[in-house]
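Morning, everyone. Please have the sequence and the model open while I talk.

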Amino acid sequence: MTTSAAPSRLQLFLGMQQVALSSFGGGLSAWSERIVVEDRHWMSKEEFITGLTVARLFPGPNQINMAVYIGSRFHGLSGALVALLGILLLPFSVLLVLGLSYYYLHETLAVDRVLAGVITASAGMALSMGFKIAGAYTRDPVALLLAGVSFIAMSVFHVRLVPLVLVAGPLAMAWYWPRGERR
Amino acid sequence: MSAAAATATAAAQACQAVHLSDWRNLLAVIWDFLSLSLFSLGGGNTLLNEYHHMAVDQYCWLSSRQFADIYAIAEAAPGPSSMIVGLLGMGAAVKEGPAWALLSAVVAEVSILLPSTLLMVVAALSWNRLRNSPWRVAFERGLGPITLGILFSVGLKILRISDHDTPAYAVSLVVCVLMLRTKISPLWFMAVAGAMGALGIVNR
């Protein structure tokens, strides 16, 4: 697949805004690929997949990192900020309206009753996050030990995330440091 | 005294929400979000326990119940669910009026995104050198299992603050299984569960 000329900053902003708009209702990543790779030919599919890998590896929300990746590939820091603004502007505005409505109306009985139901679903969604990635680690006892220790440290002993990562992170990295054919 | 008991004692004492219109409080909050940003492993959901700790135990912006509500709203709203930080910022300042609430929401969101965005720009521009670095390999393999443990801890926390009776736990477990086994949009689960709440089938 050929890629067309690099998009301007305005095109980046509008493209990311289209991604945000299309994905109202879900599937941000799929929409991002369709618009960036298939419709606008800004990147090849391979480049896009590399971007997703980087976006998942580094800290920050994956889809936002992906927008930053796309923007910075074409225009560095300014491209990244323009892409970020494009992908966030509409959803964040909607969120602000929802948030204000919530804070001013949540004591209303009807709103409270509906939310009492909705939170049971979102709790189920939160619970599924761990199971979703657990499959990748079931054959590695050290990984399961690390996961177990992290879970117990946080849930039982209330260790905060930053000290946990600062202590367990380097230990885990030392264990998994690539050593030729050993692993 | 265990950390749990300390938290309970702290909550029992008058938990005074700080005023963000005092710029020193505002700076402290901005600093908290800035410094959490680079620890948002696994797409940011790993930070939910920290957000709960900040908003409910440390600064007393929200009750646990409100935290469960805004988590649901952030999940239901379009866009990345990590925008919950905007709602936290809003909750922190909502008593000081809507203008402060909006400003605080934007400031909180910018603070949580800025460091990770700057790092991502560097990563995007230097990926070809990073790709084969042993640091990259060790980071990816080593931090993955830790992220897994934290995500389970986060799931349990959200479950505990959201559900208080058997029907509620049952709905959550069913949703969890359906999330893993089907590709149904989560919005449907929220709509159905919301209707169950309205009808009084599940309660807080």
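Let me start with a term. A residue is buried if 20 or more other C-beta atoms lie within 10 Å of its own, exposed if 12 or fewer, and partly exposed in between, with C-beta atoms placed from the backbone. Helices (H or I, at least four residues) and strands (E, at least two) are DSSP runs, numbered from the N terminus.

Now the ground rules. This is a predicted model, where local features need pLDDT of at least 70, side-chain atom pairs count only at pLDDT 80 or more, and totals for chains, interfaces and linings use all residues. Residues are numbered from 1 along each chain as its sequence is written, while chains are lettered from A and ligands numbered from 1 in the order in which they are written.

Chain B comes up now. It has 10 helices and zero strands. Its C-alpha atoms fill a box of roughly 55 × 50 × 40 Å, taken along the principal axes. Of the 204 residues of chain B, 50% count as buried.

One more term: two residues are in contact if their C-beta atoms, placed from the backbone, lie within 7 Å. Take the contacts in chain B with a separation of 6 or more. Residues 24 or more positions apart account for 59% of them.

Look at helix α3 of chain B, residues 48-58. Eight of its 11 residues are buried, so this helix is largely enclosed by the rest of the structure. Which residues of α3(B) are buried? They are B:L48, B:N49, B:E50, B:Y51, B:H52, B:M54, B:A55 and B:V56. Their packing partners come from both chains. From chain A we have α6 (141-155) and α7. From chain B we have α2 (23-37), α4 (64-76), α5 (84-93) and α8. Just after α3(B), B:C60 takes a positive phi of about 55 degrees.

Step back to the loop between α2 and α3 of chain B. B:T46 sits there. B:T46 has 28 other C-beta atoms within 10 Å, so it is buried. Leave out residues up to four places away in sequence, and B:T46 touches A:L161, B:S40, B:L41, B:T147, B:I150, B:L151 and B:V154.

Next, helices that cross between chains. Two packed helices are described by the angle between their axes and the distance between the axes.

The crossing of α7(A) and α8(B) is right-handed. A crossing is left-handed if the near helix is turned anticlockwise from the far one by less than a right angle, and right-handed if clockwise.

The crossing of α5(A) and α10(B) is right-handed. The contact includes A:R113, A:L115 and A:M125 of α5(A), and B:P186, B:F189 and B:M196 of α10(B).

Now the core. A nonpolar core is a set of buried Ala, Val, Leu, Ile, Met, Phe, Trp, Tyr and Cys residues joined through C-beta atoms within 7 Å. The largest one has 119 residues, and A:V68 and A:A83 have the most contacts inside it. Helix α4 of chain A (residues 62-105) gives the largest share of this core, 19 residues. Domain 1 (1-96) and domain 2 (139-183) of chain A both contribute residues, so the core lies between them. Those domain bounds come from an automatic or database domain assignment. The C-alpha centres of the two domains lie 32 Å apart.

Last stop: two histidines. A:H41 is in the loop between α2 (28-39) and α3 (45-57) of chain A. A:H41 has a positive phi of about 55 degrees, although it is not a glycine. A:H158 is in the loop between α6 and α7 of chain A. Phi of A:H158 is near 55 degrees, also positive.
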